[in-house]
Amino acid sequence: MNPHATPAPRVSAIVSLYNAERFVRGCLDDLLGQTLADSLEIIVIDACSPQGEGAIVQDYRRDHPNIVYVRTDEREGVYASWNRGVRLARAPYVTNANADDRHREDALERLAAALDEAPEAGFAYGDCRVGQTENERYADNAGQRVMRFPDFFAPATLLYCQLGPQPLWRRRVHDVIGFFDESYRACADWDFDIRLAAAFRGIHVPEALGLYLEHEAAITFRDDTMTRENDRVQRQWQHPEAVEERYRAAGVPCQTTEERALVHFDMALRALRFYPPWCYGAPAHNPGFARRCLRHALRLAPALAPAKELLALSDAVLTALDDLPSPLGLPSQATLAGVAAS
């Protein structure tokens with residue numbers, strides 16, 4: 001037995017670094033301060049950064065053998081680094097630990113416990129505070145802005161990403177659905193969420209477990225990458241087969257023609273009004289997707305009168321509607337997102 005080997009970890013946290021020198025110490029201190037730090041593996045992927053992150057990480061490694069450091073020969077995107085980290089991970093649970101974000105001290109322990117209690121689930125996620133101060137600790141944030149994520153519902157992943165910035169997932173899900181799509185720069189996590197939803201149940205822990213840094217330099221805000229890639233995800237996944245696959249994954253009957261028509265009608269209603277957490281309770285709308293779902297529902301069941309009536313309305317009228325009840329008796333988007341409770 002190797003006397004210097006560290007015990008098998010419970011969680012592997014993947015940190016991708018590029019031009020992130022100012023965040024490294026805070027990131028590592030945050031992870032090393034987790035309540036399960038003794039069973040945490042920290043995998044740092046230095047994506048050939050021109051800054052001095054490597055020297056800082058090596059300094060930490062002298063006292064913390066649970067830190068793994070890899071520097072790539074060439075610049076690579078964040079999702080390539082995440083994939084590299086997943087392949088190196090020794091723990092059964094994996095998370096992405098963004099260098100500029102922070103965690104509540106028991107965040108990873110709470111998420112791991114949720115998965116321990118639900119062996120059939122593939123991933124868990126919590127709510128998230130939002131800050132605008134670099135290297136602010138979770139404990140120092142007042143919690144005035146919180147992104148409240150919905151309880152997991154597989155079909156809703158076709159409308160927006162439900163994972164949040166700091167999910168925890170079982171490493172073995174990659175054996176089923178593959179890895180992050182490295183052709184994306186900003187939206188591979190949404191694509192990953194959609195693929196996860198077809199194969200695994202998710203668990204929402206309704207507590208603020210992380211702190212997300214909102215800043216103009218983030219790719220979310222600095223150019224049109226997010227908009228273009230959101231459009232790409234929608235073109236790839238907002239189609240009838242994907243809709244039915246996710247309703248089946250949610251346990252909704254989807255075999256007969258009538259059942260399938262109701263599924264597409266339900267999806268149309270959800271597309272008319274949904275609640276992305278980063279909109280803080282304000283609704284979003286996708287009338288184009290709603291209309292495609294309504295047309296498909298009518299192709300399957302031409303006599304479905306409510307679908308005919310909605311299809312006859314203008315987009316402005318459609319998006320002004322209050323939340324309509326699910327024809328399947330399923331929870332509304334507002335209920336799933338906790339909007340009524342907040």
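H10 supplies the largest share of the lining of the largest cavity, 4 residues. The model is predicted.

**Exercise 1.** Describe the largest cavity: its volume, its central residues and the classes in its lining.

*Solution.* 
- Start with the volume, about 140 Å³.
- Next, the lining. It has 15 residues, and those closest to the centre are Leu 269, Arg 270, Arg 273, Asp 323 and Leu 324.
- Then sort by class: 7 nonpolar, 3 polar and 5 charged residues.
- For context, the whole structure holds 3 cavities of 30 Å³ or more.

**Exercise 2.** Find which elements line the second largest cavity, and which gives the most.

*Solution.* 
- The second largest cavity has a volume of about 80 Å³.
- Its lining counts 15 residues; closest to the centre are Gly 126, Asp 127, Gln 166, Leu 209 and Gly 210.
- Two or more lining residues come from each of helix H4 (107-116), strand S6 (121-131) and strand S9 (201-213).
- S6 gives the most, with 4 residues.
- By class, the lining of this cavity has 9 nonpolar, 5 polar and 1 charged residues.

**Exercise 3.** Work out the make-up of the second largest pocket's lining.

*Solution.* 
- The space in this pocket is about 260 Å³.
- Of its 14 lining residues, Asp 29, Asp 30, His 103, Arg 137 and Tyr 138 are the closest to the centre.
- Helix H1 (21-32) and strand S5 (102-103) are the elements that give two or more residues.
- H1 has the largest share, 3 residues.
- The class count is 2 nonpolar, 5 polar and 7 charged residues.

**Exercise 4.** List the contacts of Met 267 beyond its sequence neighbours.

*Solution.* 
- Set aside neighbours within four places in sequence.
- Contact here means heavy atoms within 4.5 Å.
- Met 267 is then in contact with Pro 155, Leu 158, Leu 159, Val 243, Tyr 247, Phe 289 and Cys 293.

Notes: Residues are numbered from 1 along each chain as its sequence is written. This is a predicted model: local features need pLDDT of at least 70, side-chain atom pairs count only at pLDDT 80 or more; totals for chains, interfaces and linings use all residues. Side-chain values use heavy atoms; hydrogens and water are left out. On a 1 Å grid over the protein atoms alone, a cavity is a set of points where a 1.4 Å probe fits but cannot get out, and a pocket is an open set with protein on both sides within 12 Å along at least five of seven lines; lining residues have an atom within 4 Å of a point. Grid points are joined across faces, edges and corners, and a volume is the space filled by probe spheres set on the points. Ala, Val, Leu, Ile, Met, Phe, Trp, Tyr, Cys and Pro count as nonpolar, Asp, Glu, Lys and Arg as charged, and the others, Gly among them, as polar.
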